[in-house]
Amino acid sequence: MNDAGPEPERDQERELEALLELSRRGRAKLERLHEVLTTPGHYGTGATPAAVVYRENKLKLLRLLDETGQPRDGRPPVLFVPAPVSRYFIIDLLPGRSFAGYVAAAGFDVYIADFGTPGREDRFADLEYYVEGLVRRCVRTICALTRNEAINVVGYCLGGTLSLLYSALHPETVRRLVLLTTSVDGDVEGGIPWVAHRMGLAGEDYDNPRLVPAAEVKSWFEMLAPGSNSTLGRVSDLWDRLDDAPDRLREVRTMASWVDDVVAAPGRLLAELYRKLGPGANGLMKRTVTVGAQRVDFAEIAMPVLSVSAEKDTIAPAAGVDAVRSIVPHAEILRLPGGHVGIVAGRSAAALWKRTVEFLGGGVSPGET
Amino acid sequence: MADDKTTTDPSLIERWLTEQQQWQRTFLTYMDSMVKNDDFLVHLGNALRGSLLAGKAYPTQPPPSASAPETPSDDRLDQILFALRRLEGEVHDLKLTLDELKGERKQVPKKTRPPKPREPQ
């Protein structure tokens, strides 16, 4: 006979021990969550000091400043063009983890187009307004400020599409072009337009556009990320994450503050993009795309181009991004491990930052002073 | 919050009691933050939706009744407002062009200024 007592009692004790451990772990998670929710952190704004050098409608053109509060004017200017349907600070996420900050630290005079949050009247904004209006005036403003005839442009996601179209229309003002996870082939499976097409959705109404609510834009992104489109799935993910250290959780929170903070989108812009570049129309690959009344001729793009895709990108599938070589044959194609956001601001983003700085620093082209 | 430590190993029942007290403390900490910090409620609400989004509430679809139908006059006003926004940009374009012209004018005389005729000696 065992001294520890009868078997059923020992089983009961073991169960109670296990329950106690479960209780402790659950409580520790809640305490960690409380700490993260009540500790100030870097959320919702760019990480690098910046000055606003131009405003138009909701757009703010930011110029990054150095440690002394002065703009860097050593190496040629670089304009970052993020997607207008999300917040700009993904490219300037955290001190020490900022793509734009990294490029600035390499000596470039860095600018970021913060498109802001559209108001109801901005539902009438179309592709021409963004390309020939906001992006073109950002470039003109930078050229005027720095007395350069051409600058570097780095476009991310839909911002890359705007940058590509702009560069074809005004090639003399672009020194080097970087396209990050910018989908070119609208017929490649995956991505929001393709899913909408497969679901038989007509897309937004061009003539009577609405301001597409942020929650709806968010739901489209969630469709592409299995598990993120149910509250239960998200809560379960968060609960698992609460085992991480508070410092790591703060980083997760910074990223979540970008991922979950989408902005409303102008319906007319979305309608035009879907009609012109979406599945079937595929206007970039078929070279039929127009901006306003202008036909876009990609043969005009003679400046060096770097296009970067992400292996696990569900928003802009890598095959659709790499297809840029069909319309810009001299483009350098780089495919990196990671997802749509991870390659720009994740823990493995350093590979992209380093290559971008090398690319932007290469060669001197006409128009550069 | 660290668990209380004692020199002798407490029994299972004692450890359960301690754990209950810790839960009460955790609960009170949450209650305290809810009362003292309005943002905490927003952040906690986000966490209950599985998001660590800071600074604002997790985006949700407004109920259909919340969005008032747009009247034709609202629509026209929005169109006018957006047209004004476009004009704002075009005015900036004009200003940039004027600055360029001024810059060119300043440069041109320097480049094309004829040399002064030499004084007869």
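## A helix across the sheet

In chain A, helix 13 (residues 350-361) lies across strand 3 (75-81), strand 4 (108-114), strand 5 (151-156), strand 6 (174-180), strand 11 (305-310) and strand 12, and runs at about 165° to strand 6 of chain A. Helices (H or I, at least four residues) and strands (E, at least two) are DSSP runs, numbered from the N terminus. Axes are lines fitted to C-alpha atoms, for helices over the stretch in contact, and angles run from 0 to 180 degrees between N-to-C directions.

This is a predicted model, in which local features need pLDDT of at least 70 and side-chain atom pairs count only at pLDDT 80 or more, while totals for chains, interfaces and linings use all residues. Residues are numbered from 1 along each chain as its sequence is written, and chains are lettered from A and ligands numbered from 1 in the order in which they are written.

## Chain A as a whole

The secondary structure of chain A comes to 13 helices and 12 strands. Its C-alpha atoms fill a box of roughly 90 × 55 × 40 Å along the principal axes.

Chain A has 369 residues, and 49% of them count as buried. A residue is buried if 20 or more other C-beta atoms, placed from the backbone, lie within 10 Å of its own. Two residues are in contact if their C-beta atoms, placed from the backbone, lie within 7 Å. Among contacts in chain A between residues at least 6 apart in sequence, 79% join residues at least 24 apart.

## The sheet of chain A

An open sheet in chain A is formed by 8 strands in the order 1-2-4-3-5-6-11-12, with mixed pairing. Two strands pair if DSSP finds at least two bridges between them. Strand 1 (50-56) and strand 12 (332-336) of chain A stand at the edges with a single partner strand each, so one side of each has no neighbour in the sheet. From one strand to the next, the twist averages 20°.

Strand 1 of chain A runs antiparallel to strand 2 (residues 59-64) of chain A, and 6 bridges join them. A:Arg55 stands opposite A:Lys60 in strand 2 of chain A.

## Helix 1 and helix 8 of chain A

Helix 1 (residues 7-38) of chain A packs against helix 8 (residues 246-259) of chain A at an angle of about 55°, with the axes 10 Å apart. Helix 1 of chain A is therefore oblique to helix 8 of chain A; angles under 35 degrees count as roughly parallel, over 145 as roughly antiparallel, 65 to 115 as roughly perpendicular and the rest as oblique.

The contact is made by A:Arg32, A:Glu35 and A:Val36 of helix 1 and A:Pro246, A:Leu249, A:Arg250 and A:Arg253 of helix 8 of chain A. By class, this contact has 3 nonpolar, no polar and 4 charged residues. Ala, Val, Leu, Ile, Met, Phe, Trp, Tyr, Cys and Pro count as nonpolar, Asp, Glu, Lys and Arg as charged, and the others, Gly among them, as polar.

## Where chain A meets chain B

In the model, 39 residues of chain B are in contact with 45 residues of chain A. On the side of chain B that touches chain A, helix 1 (12-36), helix 2 and helix 3 (72-112) of chain B each supply at least two residues. The largest share, 12 residues, comes from helix 3 of chain B. This side of chain B divides into 16 nonpolar, 13 polar and 10 charged residues.

Helix 1 of chain A also meets helix 2 (residues 38-48) of chain B: the axes come within 10 Å and cross at roughly 130°. The residues in contact are A:Leu33, A:Leu37 and A:Thr38 of helix 1 of chain A and B:Phe40, B:His43, B:Leu44 and B:Ala47 of helix 2 of chain B. They comprise 5 nonpolar, 2 polar and no charged residues.

Methods: Buried ≥ 20, exposed ≤ 12 C-beta atoms within 10 Å, placed from the backbone.
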